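Please keep the structure in view while reading.

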Amino acid sequence: MIKNFKLLNNKTVFYFNDNKFETFPNIWLRDHIKNKENWDFKTNQRITYTANLDINIKVKKAKLLKKGKFIEILWSDENKPTKYSYEFLKKNSLKKEETKSDTQFWKDKDIKNQIFINYKQLQTKVGFKNLLKKIHIYGFAVVRNCSKNLNSVEYIAKKIGYVRNSIFGGLWTFESNNKKADSAYSNQELRPHTDSTYSNDAPGLQLLLCCKYDAKGGDSIMVDGFKLANEIKQKYKKHFKTLTNTKVKGSYIGDGVRLEAKRPIIKLNEKNNFDQISFNNYDRAPFRETNQKTINFYRAIKVFDTMANQKQYQWRHILKPGELLIFNNWRVMHGRGKFSGIRKMAGCYINKEDFDSCCRMNNII
Ligand SMILES: [Fe+2]
């Protein structure tokens, strides 16, 4: 509850019943009025022309309502007072304690059966939420007993968001066959990487369904990029700095396009938490830094990529027909063990923002 308040020149101080207080600039409060003159309740959009407001706007009158559950403020440019709730002020506090994330960084030994879920379960609200939770906590999940065609891929993609179009199309199928000579059909081990380091907005989720497996090997590899980042942060401070500061260029050249993007291998958010891992040694394009920074960069990726290829960090699993692997391409690196024989896969991408939106709608984040 709001216990009291103090009006300053262009700021207002709120005193709360937990003995904390916080000062808000008046312009910020005025900009966040929610009444029908200032806010469109149908579209949830601001009507206020903020640029027209006086930066040093004053409060004409203010009083507490419902024992401090609300404060009512009359602004100098408004005719009617407006209400702000205690919750609203607390939610936007600079002193807000961060809620502990339930994300778990993992090594191979930490992953047991908790990442599996049955396709049928996704038809219930609880089951679907369970899938989102697994992806949120571990960065990946495996859906079992899917139909062995694009229908199940599309069904899951549409439940979360929509199929993302890319240079590879939307929904795709791919058959690896070692009888073909082209490198695209390579059966050698694909080391852990993230997709689309050449895209400014790399796909958020990747779905990979096994439709047919008549082969030896070819295990799917998952590596928790956040786990690697966290270990490097603790053990190799200098490398961590290099990996968070060096913007690495990725490129895709072919099929009539030349895509390029640049970002650090470990991207931090404004709170210095891990935001995104972008690592693809196959797609890295030439880029220059000073010679010393270049040497530092090679030292840092030596540590990072060596860890990514150590068994203790790799969860390996041969997908059976009907098993669909779904993973967060902003966190988990993927790879595939070498194999001989035939593997037919289907899949698609989903945008990160659509996955995040789906998690918010289901109260997961
Ligand atoms: Fe890939």
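In this predicted model, helix α5 (residues 225–235) and helix α6 (residues 237–245) have axes that come within 6 Å and cross at roughly 130°. Helices (H or I, at least four residues) and strands (E, at least two) are DSSP runs, numbered from the N terminus; axes are lines fitted to C-alpha atoms, for helices over the stretch in contact, with angles from 0 to 180 degrees between N-to-C directions. Ala229, Ile232, Lys233, Gln234 and Lys235 of α5 meet Lys237, His239, Phe240 and Leu243 of α6, where contact means heavy atoms within 4.5 Å. By class, this contact comprises 4 nonpolar, 2 polar and 3 charged residues; Ala, Val, Leu, Ile, Met, Phe, Trp, Tyr, Cys and Pro count as nonpolar, Asp, Glu, Lys and Arg as charged, and the others, Gly among them, as polar.

Residues are numbered from 1 along each chain as its sequence is written. As the model is predicted, local features need pLDDT of at least 70 and side-chain atom pairs count only at pLDDT 80 or more, while totals for chains, interfaces and linings use all residues; side-chain values use heavy atoms, with hydrogens and water left out.

An open antiparallel sheet has the strand order β1-β2-β3, two strands being paired if DSSP finds at least two bridges between them. Its edge strands, β1 (2–7) and β3 (21–25), each pair on one side only, and the twist averages 20° from one strand to the next. Between β1 and the antiparallel strand β2 (residues 11–16) there are 5 bridges, and Ile2 has Phe16 as its bridge partner in β2.

Another open sheet, with antiparallel pairing, runs in the order β6-β7-β8. Here β6 (59–65) and β8 (82–85) are the edge strands, and the twist averages 25° from one strand to the next. Strand β7 (residues 70–75) pairs with β8 over 4 bridges, with Ile71 opposite Tyr84 in β8.

On a 1 Å grid over the protein atoms alone, a cavity is a set of points where a 1.4 Å probe fits but cannot get out, and lining residues have an atom within 4 Å of a point. The largest cavity has a volume of about 100 Å³, a volume being the space filled by probe spheres set on the points. Its lining includes Thr197, Arg263 and Phe279, and strand β15 (residues 248–254) provides the largest share, 3 residues.

Terms used
1 Å grid on protein atoms, 1.4 Å probe; cavity = no way out; pocket = protein on both sides within 12 Å on 5 of 7 lines; lining within 4 Å.
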